[in-house]
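These are my notebook entries on a structure that I went through one site at a time. I record what I looked up and what I found.

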Amino acid sequence: MRTFLLLCIAPLLLAADSDWQSEGVVSVTHSPHAKLHTVPIHAVKMGDGFWSARRAINVEKSIPTLLAELEQHGVVDNFLRLEGKKDTPRRGPLYTDSDIYKWMEAVAFVLQSGEQPKLRAEFDRLTGIILAAQEPSGYLNTYWSEERTPKRFTEMYRSHELYCMGHLLQAAIAYFRATGDRKLLDGGIRFANYMVENFGPQKRPALTGHPEFEMALVELYRTTGDRRYLDFAGYLLSGVERERLHLTDDQLVYLFSGKPFTARTEFEGHAVRAMYASCGATDYYMETGDPAYLKTLETLWRDLVNRKMYITGGVGSREAGEAFGEAYELPNAQAYGESCAAIGNMMWNWRMLLALGESRFADVMERALYNGINSGMSLSGTLYCYRNPLESAGEKIRNEWYDTTCCPPNLERILASLPGYIYSTSPQGVYVNLFHTSTLDWQLENGTGIRIGQQTEYPWKGAVDFTVDPARAAEFSLFVRIPGWSDGTRVTVDAPAPFAARQDLLKPGEYFEIHRRWEPGDKVHVAFEMKPRLVRANPLVREDAGRVALERGPLVYCLEQPDQPGFNLFDASLLDDGTGFVSEFQPDLLGGVLVLKHRGTVVDRPFSSEPLYRPFQEQAARPGRVEALTFIPYYAWANREPSRMEVWVPYVTVGTE
Ligand code: FUB
Ligand code: ZN
């Protein structure tokens, strides 16, 4: 009935219309070149566990307090003044409309998990305010209005007009998928139509400057079936308008557009722009199958994971231009690692996973999610990191507000959309991408109902138990991701025809396929290897020479000063004397974390009392006493008083002098 009504009032929407409640974080159900398909957020209920605690705070604290901040800083007034309801000057940088749109997208994802009347009312109130500021042509931007109206689309390399609209479209689509309400979506469509009707090869030239619109346009195509949006995304990605727009190298330096996406061979320039462009390009590939895009995406992916990504999944190492550095330029204290860039990395790898169905992409997603993204929001849910360095001398890193406040709502939308990333489907069966206590209540691609229960204390423990409940006995595959770090995973099936998987078939970094005729109630037990792991960086990463990082499961660990009483952590080295690590879950520390303790060498004389240079001695021992070093998960740093922190720790094999 609901669908019928919707079809009557929404003649513009095409085939995908009746599917509005069946679509996931992105909708690739009908994408010809997607190997995996998303499941709707509402189909996944997350039970108690690591992310549920974060998600509850997101809804109760982060989302409401950020709206208050956005209002206080005039972001909503900027729209009201265009309607003549405020006479205060416009406030904030030129892209600040996008911040309220991103906040609205977070709310829309929350609503996809269930009713939240207050949040829904806020969304509707803001929709009214935003749409009242839209011009009859469809144009909408609070910065490029009034006295700046004549300058519209004249500075596209920096104007963020299309960036803002991309975020509006994403919010509108997420809300449509939550509620079936298309008011905001219709507003977004008016703007998109204005673009496709007035801009393009034979019309006025366009370029995104800050990519974002591309992925929104592909999603709009998926939502409406209107091919013009996909083609326009392709036009923007082709970067053909550099000459018609008379762009100089100076103007282009930070852009990740202005040259054809398929001409790229490495990441350079502004990291968030690069990640969003890659998202749009992957979306475009999933619809068109253009091999030139796939080739470029693979090349860029290898550049990123082999040469330019932090161990935390953070990307973009330079503050200047918020940009990528050269290959292996990964400083620790100076690391930029904007939260939005790590989010862009996750969003891109999610799309690559959908396109190609390979676990390596889920590994990167998980790395970014648990570390470089998770560090971005305080445990209280009200303070945010813009930068996510891997070493700190103790400067204040978290704030409740930034004039450029792109990261806070971005973090909120990721947490809100998380259920949509845990599972996906293919014609062969169900994929488990991430591990968290949850229930998937959905269907196989042949229409058979399927419920999968997942029980785990991941990431603290490596045991994951599944109950597989098809509506009736059915033959299909359950694909369980074996993380790249888990050597020695064990998988057993507890069913009328039980089996234990052969070790040689359980390959880290791949999905393990369990193909069988599943009976309701069949059980699968998975045990990942959760031993602490010392990691070294490629020697070309100069800053990490002679140092190690510590990981356990998907978590990167760090040393923070409050856990090392009695000595300066920068005077400590990790002494590998074979004693190994002791792990200890501390429920009262930092919201409950598993700490890792290790013997470390600590100098009696601080390093600062040593000469700048001294004669080289092979295997020189560090002077001092041996003490325990206590590591905490990186994401939890900077939740106490500002203090020193270090991810890459000096490493010695010989004891004290
Ligand atoms: O330009 C809009 C946003 O502000 C970018 O995505 C961030 O990197 C920050 O520069
Ligand atoms: Zn940001």
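**Entry 1: the model.** I note at the outset that I am working with a predicted model.

**Entry 2: the zinc ion (ligand 2).** I first asked which protein atoms are the donors of the zinc ion (ligand 2). I found Glu338 through OE, and Cys340, Cys406 and Cys407 each through SG. These donors lie 2.1 to 2.3 Å from the metal. I then looked up the geometry: the angles among the four donor atoms run from 95 to 120 degrees, and the site is tetrahedral. For reference, I recall that the ideal angle for four tetrahedral donors is 109.5 degrees. Along the sequence, I wrote the spacing of the donor residues as E-x1-C-x65-C-C. I also checked accessibility for two of the donor residues. Glutamate 338 has a relative accessible area of 3% and is buried; cysteine 340, at 1%, is buried as well.

**Entry 3: helix H13.** I next examined H13, which spans residues 339–356 and has 18 residues. The donor Cys340 of the zinc ion (ligand 2) falls within this range. Is the helix enclosed or open to the outside? I find 18 of its 18 residues buried, so H13 is largely enclosed by the rest of the structure. After the helix comes glycine 357, for which I note a positive phi, near 70 degrees.

**Entry 4: threonine 282.** I located threonine 282 in helix H11, residues 271–288. Its relative accessibility is 0%, and because the cut-off for buried is under 20%, I count threonine 282 as buried. Setting aside neighbours within four places in sequence, I list its contacts as Leu297, Trp348, Arg351, Met352 and Ala355.

**Entry 5: histidine 37.** I placed histidine 37 in strand E1, residues 37–38. At 11% relative accessibility, histidine 37 counts as buried. What does histidine 37 touch, not counting residues up to four places away in sequence? I found Val28, Thr29, Leu354, Ser424, Thr425, Ser426 and Glu445. For glutamate 445, I recorded a polar contact between its side chain and that of histidine 37, at 2.6 Å.

Methods: Residues numbered from 1 in each chain as written. Chains lettered and ligands numbered in written order. Predicted model: local features only at pLDDT ≥ 70, side-chain atom pairs only at ≥ 80, totals over all residues. Heavy atoms only, no water. Helix = DSSP H or I, 4+ residues; strand = E, 2+ residues; numbered from the N terminus. Expected span 1.5 Å × (residues − 1). Buried < 20%, exposed > 50% of the residue type's maximum accessible area, 1.4 Å probe, protein only. Contact = heavy atoms within 4.5 Å. Donors = N, O, S within 2.8 Å, 3.2 Å for Na, K, Ca; no water. Tetrahedral: all angles 85-135°; square planar, octahedral: opposite > 155°, others 65-115°. Polar contact = N/O pair within 3.5 Å; in protein donor to acceptor, adjacent residues only side chain to side chain.
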